[in-house]
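This report walks through a protein structure for a reader who is meeting it here. It turns to the packing of helices, then to charged pairs, and then to the fold as a whole.

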Amino acid sequence: MPKPKKRGSNHQRGAGGQPRNVQPFSDEDASIETMSHCSGFSDPASFTEDGPEVDEEATQEDLEYKLKGFIDLTLDKSAKTRQAALESLKSAFSSKILYEFIMERRMTLTDSIERCIKKGKSDEQCAAAGLACLLCVQMGSGIESEEIFKTLGPVLKKIVCDGTASIQARQACATCLGICCFIVTDDITELYSTMECLENIFMKAYQRDRDTNGVSSTHNTVLHVSALLAWTLLLTICPMNEVKKKIEMHLHKLPSLLSCDDLNMRIAAGETLALLFELARETDADFFYEDMDLLTEKLRALATDGNKHRAKVDKRKQRSVFRDVLRAVEERDFPTEMVKFGPERMYIDCWVKKQTYETFKEVLGSGMQYHLQSNDFLRNVFELGPPVMLDAATLKTMKISRFERHLYNSAAFKARTKARSKCRDKRADVGEFF
């Protein structure tokens, strides 16, 4: 076993031995650690034949040393240093499973996040709220996560309801509140309390058209969108009797948000409507909506919107989403999507599953595929079963050699060039002139 690297040789240390200039967590760290920590879950295409051997134990030690430094720096006096440390921890937590490391330090992390949300400014609060989401995703549902939520839940609610806090911080805390509650809450009372908190935020958007002073037109829209999406996520785990109450309360009000100037609000309202119709028809096969003609007319207008004052990208996105929403409301149909991760496939075949997937994808970013492969909590949410363990022999048979990859890429390149040449050559039918 090689000797461990000397600590502190490449780092300047401040008072008390605290590391002052810890290098930020990089994508290279993520790729190395992901490969070494859980090689059985990796995509076979990512394996190379001639790659250097990695000392897994030394890599793990180095990673943990970096993470400990970041945790210490979340208590630094400098706001920029604290924020950079939070962002580095977020990057690490989203790109790999660190359950054992976090379990030993969950209280320290919780205290740091609580302090940053309470004392920090807007950007720091956003980073801390994002880290809180990832902390709960790492821990999954259990007693430890419940303890984290008991500490952070009241703080998050306070920021969400605080009109003096920045909109960005309130938005991040609303999203965090919904996700953490979704993960850890077994207490139905806490679930209803959280949903009520989020409801009080996005319901203010219903009165926007009646506002005469126009103060809240666009300033609070991003907050309303986040609160609505977080509330919708929690609705998917509510008992059916509560779902019926919420449908009766909101189904007639949500169509008013389809006229909002903000694209994200229109899309959030449309997708929430599709999900409410799906849940309503699950509870009652003969569900009838009185204003169906008016609603489908609105949805069809949005699905075929050609207003010139809107950006082309926005129009394409809106038309794509509302075609699916219209099919869901009118025809009870959902366009099934397939998600690939490693050797596995997952089919998204309903709005409830789509809403859940999109929420966690937003939080985990590029680490979503890795977590789908190896995170027990997420696999349980999407009913994927235990993680698929592939032995070395299976991985070897699935691996494509470098020479075969070269032949395949060359053939694809030639075919693509030939096809493009035919389309581009306008002189193909022009005769010769003498």
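## Helices H9 and H11

H9 and H11 cross in a left-handed manner, a crossing being left-handed if the near helix is turned anticlockwise from the far one by less than a right angle, and right-handed if clockwise. The model is a predicted one, in which local features need pLDDT of at least 70 and side-chain atom pairs count only at pLDDT 80 or more, while totals for chains, interfaces and linings use all residues. Residues are numbered from 1 along each chain as its sequence is written, and side-chain values use heavy atoms, with hydrogens and water left out.

Helix H9 spans residues 221–235 and helix H11 residues 263–283, and the two pack at an angle of about 20° with their axes 10 Å apart; the axes are lines fitted to C-alpha atoms, for helices over the stretch in contact, and angles run from 0 to 180 degrees between N-to-C directions. H9 and H11 are therefore roughly parallel to each other (angles under 35 degrees count as roughly parallel, over 145 as roughly antiparallel, 65 to 115 as roughly perpendicular and the rest as oblique). From H9 the contact draws on residues including Val-225, Leu-228 and Trp-231, and from H11 on residues including Met-265, Ala-268 and Leu-275, where contact means heavy atoms within 4.5 Å. By class, the contact of H9 with H11 has 11 nonpolar, five polar and no charged residues (Ala, Val, Leu, Ile, Met, Phe, Trp, Tyr, Cys and Pro count as nonpolar, Asp, Glu, Lys and Arg as charged, and the others, Gly among them, as polar).

## Helices H7 and H14

The axes of helix H7 (residues 167–184) and helix H14 (residues 351–364) come within 12 Å and cross at roughly 115°, and this crossing of H7 and H14 is left-handed. Ile-179, Phe-182 and Ile-183 of H7 meet Thr-356, Thr-359, Phe-360 and Val-363 of H14, and the residues of this contact divide into five nonpolar, two polar and no charged.

## Salt bridges

The model has 12 salt bridges, a salt bridge being a side-chain nitrogen of Lys or Arg within 4 Å of a carboxyl oxygen of Asp or Glu. One of them joins Lys-90 to Glu-87 at 3.6 Å, N to O, and these two residues, three apart in helix H3 (residues 79–95), are separated by about one helical turn. Lys-90 is partly exposed at 23% relative accessibility, and Glu-87 is partly exposed at 35% (buried means under 20% relative accessible area, exposed over 50%, and partly exposed in between, with a 1.4 Å probe and protein chains only).

Glu-190 forms a salt bridge with Lys-157, their closest N and O atoms being 3.0 Å apart. Glu-190 lies in helix H8 (residues 188–202) and Lys-157 in helix H6 (residues 143–161), so the pair ties together parts that are 33 residues apart in sequence. Glu-190 is partly exposed at 25%, whereas Lys-157, at 17%, counts as buried.

In helix H10 (residues 240–250), Glu-242 and Lys-246 lie four residues apart, about one turn of the helix, and form a salt bridge with closest N and O atoms 3.7 Å apart.

## The protein as a whole

The secondary structure comes to 18 helices and two strands, where helices (H or I, at least four residues) and strands (E, at least two) are DSSP runs numbered from the N terminus. Of the 434 residues of the protein, 46% count as buried, and among contacts between residues at least 6 apart in sequence, 68% join residues at least 24 apart.
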